[in-house]
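Hi everyone, thanks for making time. Please have a look at it first.

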Amino acid sequence: MISFDDAFRRQLHELFVWRRDVRRFRTDPLPDGSIERLIEIACLSPSVGLSQPWRFVIVDDAARRRAVIDDFKTCNAEALRSYSGERAAKYAALKLSGLEEAPGHLAVFAEKSDQIGSGLGRATMPETSEYSVVAAICSMWLAARAEGIGLGWVSILNPGRVRDILEIPDGWKFIGYLCIGYPQAECDRPELEQAKWESRRGPGEFTIRR
């Protein structure tokens, strides 16, 4: 039986503390096989009914990357128009993607129609397929941070346009677009907290007993 000692648990806690949603990347290329290795770790994640619904698309093609960047700019401009006054000014000052600098682009989807797992656990909550993919992304995020690699999750995108750009099979639901590369800097506080957009709250604020 494998056991984990106090030193390991302390280091694991530090890994959680220092994981960041990275927006500011260096342009240095990643070592060959880095993204594939992170995908291998993501595939060790739990999934409902062992359905393994995650589907990964490594985006190397420059034209497709540019199309995703253009879609981000369109969606970001639309999001900015939903704010006004001081909040709009703060939003405009935020850097919300590292798409142009990050050497690695990875799109992640959920395959909801596949028969792997024979539907176990999904009859009453079919959305657990998507939850399983999110869990895989979180595993990848922590594994990347342990290697000094940054990961940024871009959500300001039109899912339909991303599917068209990447020519994705029918039945795959877009979950997230990830920028992957070495961060310009490391910090134990979220960038949005540093920018005074929002503050991190304590767990007591989100926990109740029944």
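Let's begin with a charged pair: the side chains of Glu 193 and Arg 189 form a salt bridge, 3.6 Å from N to O. By salt bridge I mean a side-chain nitrogen of Lys or Arg within 4 Å of a carboxyl oxygen of Asp or Glu. Glu 193 counts as buried, at 19% relative accessibility, whereas Arg 189 is partly exposed at 38%. For those words, buried is under 20% relative accessible area, exposed is over 50%, and partly exposed is in between, with a 1.4 Å probe and protein chains only.

A word on where this comes from: the model is predicted, so local features need pLDDT of at least 70 and side-chain atom pairs count only at pLDDT 80 or more, while totals for chains, interfaces and linings use all residues. Residues are numbered from 1 along each chain as its sequence is written, and side-chain values use heavy atoms, with hydrogens and water left out.

Back to the charges. How many salt bridges does the count come to? It comes to 18. Among them, Glu 205 meets Arg 201 with the closest N and O atoms 2.9 Å apart, and Arg 201 is partly exposed, with a relative accessible area of 37%. Glu 101 and Lys 95 are another pair, at 3.3 Å from N to O. Here Glu 101 is partly exposed at 26%, and Lys 95 is partly exposed at 25%. There is also a network of salt bridges linking Arg 66, Asp 70, Lys 73 and Glu 100.

Now the sheet. Four strands make an open sheet in the order β1-β2-β4-β3, with antiparallel pairing. Its edge strands, pairing on one side only, are β1 (54-58) and β3 (150-154). Neighbouring strands are turned by 30 degrees against each other on average, direction ignored. Packed on this sheet is helix α2, residues 34-42, which touches β1, β2 (104-111) and β4, and its direction makes about 175 degrees with that of β1. Those angles run from 0 to 180 degrees between N-to-C directions, with axes fitted to C-alpha atoms, for helices over the stretch in contact; contact itself means heavy atoms within 4.5 Å. Helices (H or I, at least four residues) and strands (E, at least two) are DSSP runs numbered from the N terminus, and two strands pair if DSSP finds at least two bridges between them.

Looking at individual pairings, β1 and β2 run antiparallel over five bridges, with Phe 56 partnered by Val 108 in β2. Four of the five residues of β1 are buried, so β1 is largely enclosed by the rest of the structure.
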